[in-house]
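Subject: Structure for you to look at

Hi,

Here is the structure I promised to pass on. My notes on it follow below, with the cut-offs spelled out as they come up.

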Amino acid sequence: MADCVFCKIRDNEIDAAKVYEDEDVMVMMDAFPVYKGQTLVIPKSHVDYIFDLDDGLYQKTWGVTKRIAKATDKAVKPRRTCIIVEGFGVPHVHIRVNPLQQGQYLTAQIGSEKADVNELKKLAEKIRGELE
Ligand SMILES: [Zn+2]
């Protein structure tokens, strides 16, 4: 889809701190994080609503999400990693993976500042290093 930021990242038209990529799913650091180490798991097909994904891609996307959450637990050492699927901001399915530290609560708000892309790339490398 022409105007979709996630499709542009998929097609390498926009730079992003990618953590993981295969033929169906990509994972990148959220450019506007609320939590340190926050990532987005995104099926490559342009689909707006998660429950419209075909079953295979739906399952695969959640499988990648679990792997990313486990790697995030090791890399960022949160109290717990939590999930948000909401998707009103960008109409392309994305599962937000949120590592919450002690005293933090889950919010679907978007971070107030754009994170430094080089910092995000370092975090991406750290999480990627823990992927199984
Ligand atoms: Zn898209």
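In helix α3, the buried residues are L120, L123, A124 and I127. By buried I mean that 20 or more other C-beta atoms lie within 10 Å of the residue's own; exposed means 12 or fewer, partly exposed is in between, and C-beta atoms are placed from the backbone. These four cover an arc of only 105° around the axis, so they sit on the same side of α3; the arc is that of the directions from the helix axis to the C-beta atoms. N118 and E125, on the other side of α3, are exposed. Among what covers the buried residues of α3 are β1, β2, β3 and α2. Helices (H or I, at least four residues) and strands (E, at least two) are DSSP runs, numbered from the N terminus.

Before going further, please note that this is a predicted model: local features need pLDDT of at least 70, side-chain atom pairs count only at pLDDT 80 or more, and totals for chains, interfaces and linings use all residues. Residues are numbered from 1 along each chain as its sequence is written.

The length of α3 also checks out: at 1.5 Å a residue its 12 residues should span 16 Å, and the end C-alpha atoms are 16 Å apart, which agrees. The expected span here is 1.5 Å times one less than the number of residues.

Now the sheet. It is open, with 5 strands in the order β1-β2-β3-β5-β4 and antiparallel pairing. β1 (18-21) and β4 (80-84) are the edge strands, each pairing on one side only. Two strands count as paired if DSSP finds at least two bridges between them. On average, neighbouring strands are turned by 20° against each other, direction ignored. Helix α3 (residues 117-128) packs on this sheet, touching β1, β2 (25-29) and β3, and its direction makes about 40° with that of β1. Contact means C-beta atoms, placed from the backbone, within 7 Å; axes are lines fitted to C-alpha atoms, for helices over the stretch in contact, with angles from 0 to 180 degrees between N-to-C directions.

β5 deserves a look of its own. Its antiparallel partner β3 is joined to β5 (residues 95-100) by 3 bridges, while 5 bridges join β4 to β5, again antiparallel. R96 is the bridge partner of L40 and also of I84, and T39 stands opposite V97. The strand is mostly covered, with 6 of its 6 residues buried: I95, V97 and P99 point one way, and R96, N98 and L100 the other.

I50 is partly exposed, because 17 other C-beta atoms lie within 10 Å. Leaving out residues up to four places away in sequence, I50 touches V85, G87 and V93.

For the overall picture, the protein chain has 3 helices and 5 strands, running α-β-β-β-α-β-β-α from the N terminus on. Its radius of gyration is 14 Å, close to the 14 Å that the globule rule gives for 132 residues, so the chain is as compact as a globular protein of that length. That radius is taken over C-alpha atoms, and the rule is 2.2 Å times the number of residues to the power 0.38. Buried residues make up 35% of the 132 residues.

Best wishes

Notes
Two residues are in contact if their C-beta atoms, placed from the backbone, lie within 7 Å.
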